[in-house]
Amino acid sequence: MGAFLKVIVSFCFSLIAGISVSHAQDSRAISFDRNWRFKKDTIYGAERPGFNDTDWRTLNLPHDWSIEDLPNQKEGEVQGPFTKASIGKAATGFTEGGIGWYRKAFTLNKSYIGKKTYILFDGVYMNADIWLNGHHLGSYPYGYTSFSFDLTDFLNPVGKPNVIAVRVDNTGKNSRWYSGSGIYRHVWLLPVNPTHIKLWGSYITTPEVSPEEAMVSITTTIENQKPVEVKVDILDPSGRVVASYKQRASQVEVAQRLIVNHPKLWDLDKPVLYKARVSLISNNQIVDQTITPFGIRSLKFDAQKGLLLNGQSVKLKGGCIHHDLGPLGAASIDRAEERKVELIKAAGYNALRLSHNPASPALLNACDRLGMLVLDEAFDMWELPKNPQDYHLYFNEWWQRDLASMVLRDRNHPSVMIWSIGNEIYEAPDSSGYANAKRLADEVRTLDPTRPVTDAIVFLPPYTKKPWTAYEPHLTNLDIDGYNYFLDPSVYFQRDSATLHRFETERVTHPGKLYMSTEYLPNAALENWDAAEKYPWLLGGFCWTAMDYIGEAGIGNSIYVPESQKLPKGLMGMGLFYRNNWPVYNAYCGDLDLIGDQKTEAYYKKVVWRNSPIEMLVHRPIPDGQKEVVATWGMPDELKSWTWPGQEGKKIQVDVYTRGKTVKLELNGKIIAEQSVPEGSITATFQIEYQPGIVVAKSFDNGKETGSSILSTAGSPVGIRLIADRKKIRASLNDLSFIRVEVVDAEGNLVPSVNGLEISFKISGAATIVGVGNSSPSDMSSFQQPRKQVYQGKALAIVRPSGVVGIARLTASARGLQSSSVQIEIK
């Protein structure tokens, strides 16, 4: 072990013993998450080292104050973290921003003598100002990119205390969705010798890949370059060195190429990860070292064949996601990010669009490990605003730094396949949009020439007053055209056939380009996928959205209104119809709901993508005198349930999704209906009389059964079942156990007809409850109190270790039901 590594180990144990280090952006980084003091208030003088903060809360990062309960709770006005007075209203899910302060005192030991010390923030929302010992280090406005400051010149001598202070200003109307507030991602210290590898200074590509051998190219950027040797070791998944190369550094950037024989490739099914260990050596001592995970894979975008991963064609079964984590808000705890990717992949997805900003390093790490392709997106706006206080105020001064932060930080992730420079940019058809598209695309290609550049175009004549031809100069800057809603026939401004077939007409004009749907509506999944299967040059697409999120409240939530009520026409009119839909707080447009369960959209896509031969869902009974309004970004109000007490003898709608030609329904062993699936559709709709028991749907092609789906009636609720996603977890603040809560009958069947029953939680041992939730779009009760109502028979409790080894036990109880407990081992 070199001297520098000994220093790092010494620092870990002497300065911050007991901290659990998550997978950092940089292997040299040391977690700085513990024991911050916090207060949400407008405070003067809190940047001064001597400021008295003894009455402030002590907490650990990541932290999001917008998900916390508000004071002065009042039914219908202030509930949990929600308030009708929210400046963002439905757009931000009726949550509150404000101004908050964070302070942390720390003392360095002798290992810091002669070192350069940086602080690295994974993300702060937003407008962060940072001070060290009263010195203003700088400001950082964008809430979604990582940034660092050099602390060295303002640190007190070793052994004397230092104070870092962070002011976060999330005021004004600055977001179209729930952003969260505060230091909501990790913070790190980065101590290095004066000559060191620059942050994000290792750039790894695999320009030549075959089953026999792969070329790995590594460029190392050295800060304060002095005479050193640069040694690169490639480690396989077992930790064995499979290639090594050393050379003397004669300049700031050192490029090296190594050959790995018989490489194991990173792909969607077996996402194998190697590591590049880069060492700077002086006088036979390691003075700096980074270890960077990467994947050996070939990623090509061919104008005739589409996307080729390791030579194999891949169509994007993609979904857009926002960055929040449901009951946890925006607090980016590593295990929550990993679980999110696990659930989305289990639903059949192979790609994510990070809409509309860079995500946390933890999410990208999970995509690398689990095999998920990523469209990494930078901005939701450029110079023209979508809200008065949004990023447009900072774009001209900050775009280059923020773009560099995204690309340099994320370019070694094998999951990242495409860079996006924007989403639905208002000035896209104008001269300023042409100029900005060029300079952003050129900058991305300078930082990483190995991946294509896109942005998401939406054609909005009612807003831009511009014809399609005005967008053409903008598109010339893109390698791949991303279109939002161009194959969605329900979008009112795309009724004309020229727009509906824009992909085809553009491809004829530009045969060397590739295309994709960067957003499409849930009910247009079939049209988009059929087009992707038809055209090699259409890569696939990204639905809006893969998972529910807080904010844009109600855009996917189907509702019931009196039959006589007139409804607005068109997409924008329907959007306005939902804008102030208190108490709805989440978008409810996800294939997965807020706690991770699959909804109608997910089952529909399983059939669309040919991952399942048949899925059966039952429409919730519509109250007499009312009609359903299916939300523009939603699907009909359906459940996988045959438990409908009180509906006996009444007609109930059953929808069967299949690519089979014929569907038969059986109820309690008797065939009761048969129907052909309409041409160009995958939906067979039945109206049948509800009777408890077992309903079976079977699909057929030319008389041969191709699939079946079964639903059974549950009995009366008698107890609670707790199901932990993992019963053994690490004693780390970055680990979690997600515990599913189910109301069950005497046979152990979920009872989905139970709503509104409150579950109370108690926990003992080495963990705490950090979040509770359900999938209801309108349950505004606290995410943090130890109780939650079930919705459709289900709820969720999230348990976080306290940081020590031991046992934790969660108990759930409710009036009239048998209670249940689950034990979590913390190792």
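1. Two strands pair if DSSP finds at least two bridges between them. Helices (H or I, at least four residues) and strands (E, at least two) are themselves DSSP runs, numbered from the N terminus. With that in hand, look at Leu235, which stands opposite Val241 in β16. Strand β15 (residues 229–235) and β16 run antiparallel, joined by seven bridges.

2. A quick word on what you're looking at: this is a predicted model, where local features need pLDDT of at least 70 and side-chain atom pairs count only at pLDDT 80 or more, while totals for chains, interfaces and linings use all residues. Residues are numbered from 1 along each chain as its sequence is written, and side-chain values use heavy atoms, with hydrogens and water left out.

3. Now for the sheet around that pair. Four strands make up an open sheet, ordered β16-β15-β18-β19, with antiparallel pairing. Which strands sit at the edges? They are β16 (241–248) and β19 (285–294), each pairing on one side only.

4. Next, strand β17 (residues 253–261). Val254, Gln256, Leu258 and Val260 point to one face and are buried (under 20% relative accessible area, 1.4 Å probe, protein chains only; exposed is over 50% and partly exposed is in between). β17 pairs with strand β14 (residues 213–223) in the antiparallel sense over nine bridges, and here Ala214 stands opposite Val260.

5. On to the nonpolar cores (sets of buried Ala, Val, Leu, Ile, Met, Phe, Trp, Tyr and Cys residues joined through side-chain atoms within 4.5 Å). The largest has 144 residues, and Trp36, Tyr102, Ile183 and Phe379 touch the most other members. Helix α4 (residues 395–410) gives this core its largest share, seven residues. A second, separate core has 29 residues, including Leu722 and Ile769.

6. Leaving out residues up to four places away in sequence, Trp36 touches, among others, Arg57, Leu59, Tyr102, Ile164 and Ile183 (contact means heavy atoms within 4.5 Å).

7. Last stop: Asn193, in the loop between β12 (187–192) and β13 (196–209). Is Asn193 buried or exposed? With a relative accessible area of 17%, Asn193 is buried. Its side chain makes a polar contact of 3.2 Å with the side chain of Lys115 (a pair of N or O atoms within 3.5 Å; within protein, one must be able to donate a hydrogen and the other to accept it, and residues adjacent in sequence count only if both atoms are side-chain atoms). A polar atom of the Asn193 side chain also lies 2.8 Å from the backbone oxygen of Val287.
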